[in-house]
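Me: Hi! I'm about to look at this one for the first time. Could you walk me through it?

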Amino acid sequence: MTTTSPTPIRERASDSFPVPALVVMACTGFIVIMTETLPAGLLPQLAAGLDVSEGVAGQLVSAYAIGTVLAAVPAIMLTRGARRKPLLVIGLFGFLVANSVTAVAPSFAVALVARFIAGAFSGLLWGMLAGYARRIVAPERAGRALAIAMTGTPVALAVGTPLGSWLGSTAGWRWSFAAMSLLSVIVVIFAKFLVPDAPGQSARTQAPLGRVLRLAGVATILAVVFIWMLAHNLLYTYIAPFLRQMHLTLRPDIALLVFGVAALGGIWVTGLFIDRTLRGLTLASVALFVVAGTFLVAAQQSTVLALLGIVLWGLAFGGSATQLQTAMGEAAGEDADAAYSMLTTVFNLAIFAGGAAGAVIVESAGARVLPVAVIALALVSLLTVGLGRRAAFPTGR
């Protein structure tokens, strides 16, 4: 199915700013991120309920990531010409089914398959959501629109994951996934009435995936995505053992709440400046990761230092998705959807790698060394962003 260019949509959007539609997209992102990260706050309950170790239970995060990695590029390449609103609804229904199956899973194997399916639908939604948000507004307001559409990520981290952890610890982990299914139904209803449709990419302008990858700046951005998000997920996935081994009196749900609230601040700052200084914001965010890791390294038995590190970590991470997706959209131009599918794939490869490498680190050297790895990876990311001054993160942008 092919359609005409999205330009007329942007021209009509120049007279108004579709906040309700962008909020629905943010709620969609909330569901995606909440579903992805929920096991991180429920590892003990999942392990006990499914009769596996915490390390094995952590692979429920990895299964989700693998599903996204395998599905994102094929799903987006096959649907580049399809209208956006039906795809949004299909993706939300996919999460309804996957979370419902997880909620009633009789065994770890069934839960693992359901998580893989959820990840596959995540690949579809993340691959098209950013382009969809940018497509329904005027080009000069695309960064702000994307910042609003991406608020679902920090809200999920600030409120969703801690709330899901609380619900799972009080009523049982199955109710946390059942609540996500109910939320999917609600968001589908609002999407039906509030989100405008938008065309896909015209067949005559669809470049092959290899050509998109060779566009100036795209490969550099993908490298930053993998290294930076690997740094994040090493620590985020194993925050519970890190806090325990550092002998801190800070509960994982409280740490995640502090992180998420700080991430809201990060995306607020990003929304203010993204359309004026993308390069400066990205450099500052990655540099702040280094500072946050330094505080966490020094946080042995110091809850104050740990909280400072977590706040800085959240501020640095909050706007990262918006910054990276904006950079990718500008580098890829008309082929942004295909480029976003690659970004989604690499992002989730980093999640998978973080879960797998983090497990090795925790089992061998101990979780207390995770911030050291965060610092090293963030420094490499900072150098890569700095070197991408021509096309990926151009000077003067």
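Predicted model: local features only at pLDDT ≥ 70, side-chain atom pairs only at ≥ 80, totals over all residues.

Me: Good to know. Now the helices: how do the axes of H2 and H6 cross?
Reply: Helix H2 covers residues 19–41 and helix H6 covers residues 84–103. Their axes come within 11 Å of each other and cross at roughly 30 degrees.

Me: Is that crossing left-handed or right-handed?
Reply: H2 passes H6 in a left-handed crossing.

Me: Which residues meet there?
Reply: From H2 you have Thr-28, Ile-31, Val-32 and Thr-35, and they meet Leu-88, Leu-92, Phe-95 and Asn-99 of H6. By class, this contact of H2 with H6 has five nonpolar residues, three polar ones and no charged ones.

Me: Changing topic: how many cavities of 30 Å³ or more does the structure hold?
Reply: There is one. About 310 Å³ of space lies in the largest cavity.

Me: What lines the largest cavity?
Reply: Its lining has 23 residues, and those nearest the centre are Ile-33, Glu-36, Phe-317, Phe-347 and Ile-351. H2 turns up again here, among the elements that give two or more residues to this lining. Others on that list include helix H5 (59–78), helix H7 (108–135) and helix H12 (218–237).

Me: Which helix gives the most?
Reply: That's H18, with five residues. H18 spans 336–364.

Me: And how does the lining of the largest cavity divide by class?
Reply: It has 13 nonpolar residues, nine polar ones and one charged.

Me: Okay, pockets next. How much space lies in the second largest pocket?
Reply: About 280 Å³. Its lining is made of 18 residues, with Gly-41, Pro-44, Ala-240, Pro-252 and Asp-253 nearest the centre.

Me: Last one: how many charged residues does the lining of the second largest pocket have?
Reply: Four, together with ten nonpolar and four polar residues.

Technical notes: Residues numbered from 1 in each chain as written. Heavy atoms only, no water. Axes fitted to C-alpha atoms, helices over the stretch in contact; angles between N-to-C directions. Helix = DSSP H or I, 4+ residues; strand = E, 2+ residues; numbered from the N terminus. Left-handed = near helix turned anticlockwise from the far one by under 90°. Contact = heavy atoms within 4.5 Å. Nonpolar A, V, L, I, M, F, W, Y, C, P; charged D, E, K, R; others polar. 1 Å grid on protein atoms, 1.4 Å probe; cavity = no way out; pocket = protein on both sides within 12 Å on 5 of 7 lines; lining within 4 Å. Points joined across faces, edges and corners; volume = space filled by probe spheres on them.
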